[in-house]
Amino acid sequence: MAVEDISSHTKPPALGNESSGLPEEEEERKAVPDMALAQDLHLLELAQSKPDEVPDLEEVTNRVLAVIKAEKAEPLYTSVCVEKLGWPVDAALQAELKASNEAELAEIEEQLRVATESSGDMEVLDAMIAREKFFARIGNKTAAYAAADEILTKPKISTGKRIDAAMDKVRLGLFFRDTEATKENLERAKKLVEDGGDWDRRNRLKVYEAVALITTRSLKKAAELLLDCIATFTCVELTTYEQFIFYAVITNLLYLERTTLKKKLVDGPEVIAVLREKPALGRLLNSLYDCDYRAFFQALVEVTPELTRDRYMSPHLRLLVREMRVLVYSQFLESYKSVRVASMADAFGISVDFLDRELSRFIAAGRLSAKIDKVGGVVETRRPDSKNAQYLEVVRDGDALLNRLSKLARLRAGLGRGKKHSISRDQGIHPNEHKRRVTVLYFTCALYL
């Protein structure tokens, strides 16, 4: 399944962006770096290891080269295309891009100098922002970070402008997959938002944080943030609304209860509108809710290519597919005390041997509460007893407490022998008495749990 073109943005009605006086469409167009380009660069990297996953390689290559030429991105061309992807060096193109960058930078620096000498703070800030966006656009990560830092540390600017600069740094980190810098700048942006961020920036920052959490495999927290932003999404500089819904559905499938899944995703009007354009994703969602496991497995196969091609989901592909299989196996087995392996395999549309290997692996890893009767060809569920589990937890914690009390009693006895007047047994509690009291305590707790 081909990944959609991220350069096209579709989203629900958004609030105006107060970061500049530009029209909203112009502000979106100037968002840098271009995250659609980051997606295409991921596809070029993917093609080196899995060429079958990128059948449109020539088209992607031409698209990347066209963007580099249009944006005059010489640092990006050199550091990524030539050094990382191994493209042959086009010396003439490289020299042309470098000369264009030097001329444009000189012009921006001159504007900044004139603004500093003869204009007000707003003109100086505009020139500083133009310089930061220039470095981000051409892919000079170090210079872009430094330019954004100058804006962040400049006195007498609004909190909104500081938040924009911090979010620019987060977007740069996501573009270059700079995990540590992304985490650091995200925390800085969150602190600024807490100090005085507006509604729009707060909501956009949630999407930034969710995407950053996906990259670090913190999928549960990411799922919560994505779900919270479905109705208020305006973060088109980072991803399209269609792709945002894709992330929200994939992550929340793993964690939402059935009632919440039905309310927020299955019946959610914003989600339904996008799923018309992503039918495989819609079948994955609806088949899970309808307990149509054969359709779920078929939809999972159809969705896997898009997971593979996506720059944020691709590193976690095996985890996502495995967790989804565990999810549906658990959901199926909850309805039975025992079920024949052949019947279960038929329900999922897979072979008995494949299912046997899957269940054996997940049961051995403690992911499924069941056991396989190989002779009888039956899977028997072992429902976890919550009261028994709580009792065992009390016993385990009680053992640890007893060990600590025994050490304390021995220490106290040793201190007593070293004194002139030792502590008598009547003045303290004998270790055996400690043990008896604690034992009674957690047996009593177990009765009331």
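Analyst: On a 1 Å grid over the protein atoms alone, a pocket is an open set of points with protein on both sides within 12 Å along at least five of seven lines, a cavity is a set of points where a 1.4 Å probe fits but cannot get out, and lining residues have an atom within 4 Å of a point. The model is predicted, so local features need pLDDT of at least 70 and side-chain atom pairs count only at pLDDT 80 or more, while totals for chains, interfaces and linings use all residues. Residues are numbered from 1 along each chain as its sequence is written, and side-chain values use heavy atoms, with hydrogens and water left out.

User: Which residues line the second largest pocket nearest its centre?

Analyst: The lining has 24 residues, and Val-326, Leu-327, Ser-330, Gln-331 and Glu-334 lie nearest the centre. The volume of this pocket is about 690 Å³, a volume being the space filled by probe spheres set on grid points joined across faces, edges and corners.

User: What makes H17 stand out in the lining of the second largest pocket?

Analyst: H17 gives the most to that lining, with six residues. Helix H13 (258-266) and H17 each supply at least two residues. Helices (H or I, at least four residues) and strands (E, at least two) are DSSP runs, numbered from the N terminus. By this count the chain has 21 helices and three strands.

User: Which residues have the most contacts inside the largest nonpolar core?

Analyst: They are Ile-250, Leu-284 and Tyr-329, in a core of 127 residues. Its largest share, ten residues, comes from helix H17 (residues 317-333). A nonpolar core is a set of buried Ala, Val, Leu, Ile, Met, Phe, Trp, Tyr and Cys residues joined through side-chain atoms within 4.5 Å. Neighbours within four places in sequence aside, the contacts of Tyr-329 (heavy atoms within 4.5 Å) include Phe-297, Met-344, Phe-348 and Phe-362.

User: Why does Thr-251 count as buried?

Analyst: Buried means under 20% relative accessible area, exposed over 50%, and partly exposed in between (1.4 Å probe, protein chains only). Thr-251 has 0% relative accessibility and therefore counts as buried. Thr-251 belongs to helix H12 (residues 241-253), and beyond four places in sequence it is in contact with Leu-219, Ala-223, Leu-226 and Met-313. In the chain of 449 residues, 45% are buried.

User: Why does Lys-156 count as exposed?

Analyst: Lys-156 has 75% relative accessibility, which is over 50%, so the residue is exposed. Lys-156 is placed in the loop between helix H7 (141-153) and helix H8 (159-175). Its phi, near 60°, is a positive value in a residue other than glycine.

User: How many cavities of 30 Å³ or more does the structure hold?

Analyst: The structure holds two. The second largest cavity contains about 30 Å³ of space. Among the residues lining that cavity are Pro-33, Leu-37, Arg-137, Phe-175 and Phe-176.
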